[in-house]
Amino acid sequence: ADSEKAERGDPDAAYRMGEAFESGRLGGVKDLNKALTYYKLAGKNGHKEGAARAMQLEAELKQSQNKPVK
């Protein structure tokens with residue numbers, strides 16, 4: 001499974017896990033914080049897209065936290 005490969009340091013598996021959590025295609029569970037964790041893991045292991053996605057997602061999460069709730 002990708003989650004096990006990701007834990008062992010496979011950057012492509014980590015990136016796929018990040019995508020799965022971001023899109024919610026993993027059993028319908030959408031978890032941006034978990035997605036961010038996997039993207040960071042991918043980036044740390046040399047996955048350029050993963051590192052870039054982690055930065056984007058982090059910025060998006062910060063923005064959404066700073067928005068006033070109506």
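Tutor: Tyr15 counts as buried at 13% relative accessibility, where buried means under 20% relative accessible area, exposed over 50% and partly exposed in between (1.4 Å probe, protein chains only). The model is predicted, so local features need pLDDT of at least 70 and side-chain atom pairs pLDDT 80 or more, while totals for chains, interfaces and linings use all residues. Residues are numbered from 1 along each chain as its sequence is written, and side-chain values use heavy atoms, without hydrogens and water.

A search of the whole structure finds 2 aromatic pairs (ring centres within 6.5 Å; planes under 30 degrees apart are stacked, over 60 edge-to-face, the rest tilted; for Trp the six-membered ring is used). Tyr15 and Tyr39 form a tilted pair, 5.4 Å centre to centre with 50° between the planes. Tyr15 belongs to helix α2 and Tyr39 to helix α3, so this pair ties together parts 24 residues apart in sequence; helices are DSSP runs of H or I with at least four residues, numbered from the N terminus. Tyr39 is buried, with a relative accessible area of 1%. Phe21 and Tyr38 form a stacked pair, at 5.9 Å and 10°. Phe21 is in α2 and Tyr38 in α3, 17 residues apart, and both are buried.

Glu22 also lies in α2 and is buried, with a relative accessible area of 19%. Among the residues that Glu22 touches are Lys30, Tyr39 and Arg53, leaving aside residues up to four places away in sequence (contact: heavy atoms within 4.5 Å). Cover for the buried residues of α2 includes α1 (2-7), α3 (32-44) and α4 (48-66).

Terms used. Helices (H or I, at least four residues) and strands (E, at least two) are DSSP runs, numbered from the N terminus.
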